[in-house]
Amino acid sequence: MSETSQPMIDEVDLILTNARLRDELEPYRDDSIDDPTTRSMPLQKENEYLASILAWERAPALAIAQWFNPPLQIPAPESLDDAALSVELQRTIQQLHSQNIKLTFTDHLSDRELYRVIYRDILPACEKKVDAPGKSLEWRCLDDNDTYLMYYATPVERRRFQEEHQAELPKAKRPQFRRKLPD
């Protein structure tokens, strides 16, 4: 085989993979699969895109606590004193990170408040568990726009929000509980 025939074989493999992915996606067909922008992608990128859609469609929806083996169970917040809760919070954040669950916008919450969010909102939440390299679930620990605008929005984002919504903005503040979370 000559060196010039290798790219042709790769191209044929990419075309065959593309056809297989499209066949497997047929039961899930919607606009995301037929998106015309995929046709302008290089074939390798289109195949990666189609494979990610297929992984999403086939992924089970489970309570996040069930993503762990054994299922993740943490003590109730009211059963822990502040010191024990801080240790348990750090351990739990690391466990969530091990399943590619990234917590964002947490610095306005005390350790106890963040632990309650994990206990009450995150662990029981049903989410698709997609096992794909480089993919993660981002959990934004915000309840409302005001919290984002107060603690995390840039001056440009704040001004844009005010112009778009003709709304009074909350005073910008520095988050009180700066913490280093795993990337």
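**Entry 1. Terms and model**

I took a salt bridge to be a side-chain nitrogen of Lys or Arg within 4 Å of a carboxyl oxygen of Asp or Glu. By this criterion I found nine salt bridges in the structure. I note that the model is predicted, that local features need pLDDT of at least 70 and side-chain atom pairs count only at pLDDT 80 or more, while totals for chains, interfaces and linings use all residues. Residues are numbered from 1 along each chain as its sequence is written, and side-chain values use heavy atoms, with hydrogens and water left out.

**Entry 2. E46 and R22**

I looked up the pair E46 and R22, whose closest N and O atoms are 2.6 Å apart in a salt bridge. For helices I used DSSP runs of H or I with at least four residues, numbered from the N terminus; strands are E runs of at least two. I then checked accessibility, where buried means under 20% relative accessible area, exposed over 50%, and partly exposed in between (1.4 Å probe, protein chains only). E46 is buried at 3% relative accessible area, and R22 is buried at 12%.

**Entry 3. D111 and R179**

I next recorded a salt bridge between the side chains of D111 and R179, at 2.8 Å from N to O. The pair links distant parts of the chain, 68 residues apart: D111 belongs to helix α4 (residues 111-122), and R179 to the segment after α6 (155-165). D111 is partly exposed, with a relative accessible area of 25%, whereas R179 is buried at 17%.

**Entry 4. Further salt bridges**

I found D121 in a salt bridge with R120, with 2.8 Å between the closest N and O atoms. D121 counts as partly exposed at 27% relative accessibility. I also noted a network of salt bridges that links R20, E24 and R58.

**Entry 5. Q166**

I located Q166 in the segment after α6. Q166 is exposed, with a relative accessible area of 69%. The side chain of Q166 reaches the backbone oxygen of E163 at 2.8 Å. From C-alpha to C-alpha, Q166 and W139 are 28 Å apart in space and 27 residues apart in sequence.

**Entry 6. Domains**

I consulted the domain assignment of the protein chain, which gives domain 1 (2-57) and domain 2 (60-163); such bounds come from an automatic or database domain assignment. The centres of domain 1 and domain 2, taken over C-alpha atoms, are separated by 34 Å.

Note on methods: Polar contact = N/O pair within 3.5 Å; in protein donor to acceptor, adjacent residues only side chain to side chain.
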